[in-house]
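Let's walk through this one together, question by question. Have a look at the model first.

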Amino acid sequence: MIRLIVSFSLLATTALAAPDGAMIYADQCASCHAETRFGGTGPALIPESLGRLKGDRLEAVITDGRAMTQMPSFKATLSPDEIAAVAAYVSAPLATPPVWTAEEIAASRAMNPDYVAATAPVFTADPMNITLVVETGDSHISVLDGDTFAVLDRFETPFAVHGGPKFSPDGRYVFVMSRDGWVQKYDIWSLHEVGRIRAGLNSRNIAMSADGKWLAVASYLPETLTILSTDDLSVARVMEVKGRKGTPSRVSAVYQAPDRNSFILALKDVPEIWEVATDPNAGPYHDGFVHSHEAGMEESLEAEQGLFARRRIDVSAPLDDFFFDPGYHNLIGANRAGETGVVVNLDVGREIASLPLPGMPHLGSGISWMRGGHRLMAVPHLNEGQISVIDMADWSLVKIIKTSGPGFFLRSHDGTPYIWADVFTGPNKGQMHIIDKETLEVVKVLTPEPGKTVAHTEFTKDGRYALVSIWEQDGAVIVFDAATLEEVRRLPMVKPSGKYNVWNKITFEDGTSH
Ligand code: DHE
C-alpha cells in the first residue's frame with residue numbers, strides 16, 4: 001500500500017512538473033544561440049539583448065518563428081507551456097555575469113578568405129555618391145548607385161544592425177555594428193566583406209577616428225569601450241569604463257570628434273563624459289579635476305597623454321544622446337528625465353548652459369544650418385509631436401514646430417531649403433513633414449503609403465533627391481525629387497531603416513546626423 005502511494009505521488013509530480021526552460025533551451029535553442037546564450041548563428045538570448053522582446057512578444061517569436069530568417073516556428077515541437085518556460089529562461093539573467101575579454105574578442109575575429117582588394121571600384125558609378133540602405137527585415141545592406149538607384153550589391157549583415165555605419169575618411173570602406181556587438185568591415189570598391197569581429201556582447205554604436213585608423217565600439221555589456229584597428233579589425237585596446245569612484249558604467253554611445261582628434265563617450269551610469277584621444281601626440285589630458293583649497297582636501301591631478309589618453313569631464317548627472325556644434329567645442333546632452341538639454345563646453349570641461357527640451361529630445365538626430373547669420377539646430381522629440389529649434393549662439397529656444405506625432409529622425413542637406421521630419425509612432429506614422437528652413441513652417445505633409453511607417457530620410461550627394469524608408473517587412477525606399485517633392489522611384493526593400501550616403505557622411509554634411 002505504502003509503495004502504491006509513493007508511486008502515485010511520483011507520477012503526479014511528474015505529470016504536474018512545470019516544463020524545464022533550461023533543458024528545452026539546451027535541446028532546441030543552444031545549437032544556434034550557443035550554450036552560453038551569447039549567440040551563435042542566432043542572436044544572443046540574454047535579458048540585456050532582448051530589449052523590447054519580452055513576455056507575449058517573445059513567446060510569439062518562438063511560436064511562429066521569424067519570417068526571412070533562420071528562426072523556425074516551434075509551434076509543432078513545443079507546447080505553449082514549454083514555450084513559456086523557455087521564454088522565461090532566456091529572459092532571466094545569467095547565473096554568472098557574462099565575461100567578454102580582449103582575448104575572446106580577438107578569438108571571434110573572422111577575416112573573409114575570399115576577399116581580394118580591388119585596385120579600383122569594380123563599378124562605374126560615382127563612389128562618392130553610393131548610398132547604403134540597411135534592411136533590418138532580413139539583415140542585409142543594399143549598395144545603391146546614387147545616380148541611377150541601381151542596386152550594385154546586397155550583402156548579409158549580422159542580426160539587428162543599429163546606428164549609422166561609419167565610413168573610412170576616403171569613403172572606400174564601411175563598418176557596420178549589430179546590437180550583439182559584431183562589427184563588420186565591407187569594401188565598397190570591391191563589393192565584398194573584408195571580415196568581422198565581436199567587440200562586445202551588447203553594443204550601442206561605433207565611431208571612426210579622424211585619421212581613419214581606429215574604430216571605437218561602445219558597449220553596455222561588458223561595460224567597455226573597445227578600440228579596433230580599422231586596417232585588420234585587430235583589438236587595439238579594451239578600456240574598462242568605471243567612474244571616478246570605481247563604479248562601472250555602461251557606455252550609451254561613442255561619438256567621433258574629428259576637429260578634436262578624439263572620441264567622446266556618453267556614460268549611462270556615472271556623471272562623467274569621457275574624451276579619448278586618437279592622436280598619438282595628444283595630451284596631457286587632465287583626468288582628476290577635484291581640487292579644493294581647504295587643508296587636506298586637495299587631490300592630485302592625474303594626467304594621461306598619447307594615443308587613447310582618457311580625460312574625464314564631470315557633469316551634474318549622467319547625460320545621454322549628444323549633439324555637437326561645428327568645431328566640436330560644445331555638446332548638448334539630454335538629462336535622464338528627458339526634460340532638459342545641458343550644454344557642456346569641451347574646451348573648458350564643464351556645463352555652461354541648460355535649455356528646456358521637454359518630451360524626450362532625440363539630440364542624436366539633431367541637424368543644424370545657417371539662417372540670417374545664425375546657426376540654428378533642430379531636434380525631434382520621442383514623446384511629443386514637436387521639433388525644437390535652438391539658436392546655437394546663445395542656446396535660446398527659437399521656435400517649437402508642431403507636428404502630427406512624435407518623430408525619430410530629422411534630415412536636411414545644404415542643397416535643399418527643407419527639413420524632412422518623420423512621425424515614428426502613433427496614428428500618423430505614415431506622415432513626413434517638410435519644413436522650410438527659413439520660415440520654420442511646415443510647408444507640406446507627404447503620406448506616400450497611408451498606414452505604413454514612413455521614416456528616415458537621406459539625400460543624394462548633391463541634395464537633389466531625398467530617399468525615404470517605408471519601414472515595413474514588405475517595404476520600399478521611395479526616391480523623391482527634393483525640390484518638387486514628387487515621387488520619382490520606388491525600390492522594394494525588406495524593412496529598410498537607415499540610409500547613408502558616402503559623401504554626406506564623410507564630409508559631415510550639416511543636414512545629417514554624425
Ligand atoms: Fe537608435 C542611431 C540610441 C532605438 C534606429 N540610436 C542611434 C544612435 C544612438 C541611438 C546613440 C547614434 C549612433 C550612431 O549612429 O553612431 N536608439 C538609441 C536608443 O537609446 C534607443 C531609443 C533605444 C535602444 O533600444 O537602443 C534607440 N534606434 C532605436 C530603434 O528602435 C530604431 C528606430 C530601430 C532599430 O534599428 O533599433 C533605431 N538608431 C536607429 C538608426 C540610427 C540610430 C537607423 C542611425 C540614424 C542615422 O541617420 O545616423
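A salt bridge here is a side-chain nitrogen of Lys or Arg within 4 Å of a carboxyl oxygen of Asp or Glu. This is a predicted model, where local features need pLDDT of at least 70, side-chain atom pairs count only at pLDDT 80 or more, and totals for chains, interfaces and linings use all residues. Residues are numbered from 1 along each chain as its sequence is written, and side-chain values use heavy atoms, with hydrogens and water left out.

Q: How many salt bridges does the structure hold?
A: Side chains of opposite charge can pair when their charged atoms come close. Applying the cut-off above, the count of salt bridges in the structure is 20.

Q: How far apart are the closest N and O atoms of Arg244 and Asp314?
A: Arg244 and Asp314 form a salt bridge. Arg244 sits in the loop between β12 (235-240) and β13, and Asp314 in strand β18 (residues 310-314), so the pair ties together parts that are 70 residues apart in sequence; helices (H or I, at least four residues) and strands (E, at least two) are DSSP runs, numbered from the N terminus. The closest N and O atoms are apart by 2.8 Å.

Q: Are Arg311 and Glu275 buried or exposed?
A: These two form a salt bridge, Arg311 with Glu275, with closest N and O atoms 2.7 Å apart. Arg311 lies in strand β18 and Glu275 in strand β15 (residues 272-277), so parts that are 36 residues apart in sequence are tied together. Buried means under 20% relative accessible area, exposed over 50%, and partly exposed in between (1.4 Å probe, protein chains only). Both Arg311 and Glu275 are buried.

Q: Which residues are linked with Glu275 and Arg311 in a network of salt bridges?
A: The pair of Arg311 and Glu275 belongs to a network of salt bridges.

Q: Why is strand β13 largely enclosed by the rest of the structure?
A: Strand β13 covers residues 251-257. It is largely enclosed because, of its 7 residues, the number buried is 7.

Q: Which residue of β14 does Val251 stand opposite?
A: Strands β13 and β14 (residues 262-267) run antiparallel and are joined by 6 bridges; two strands pair if DSSP finds at least two bridges between them. Their hairpin has 4 residues between the strands, and Asn261 takes a positive phi near 50°. The residue opposite Val251 is Leu267.
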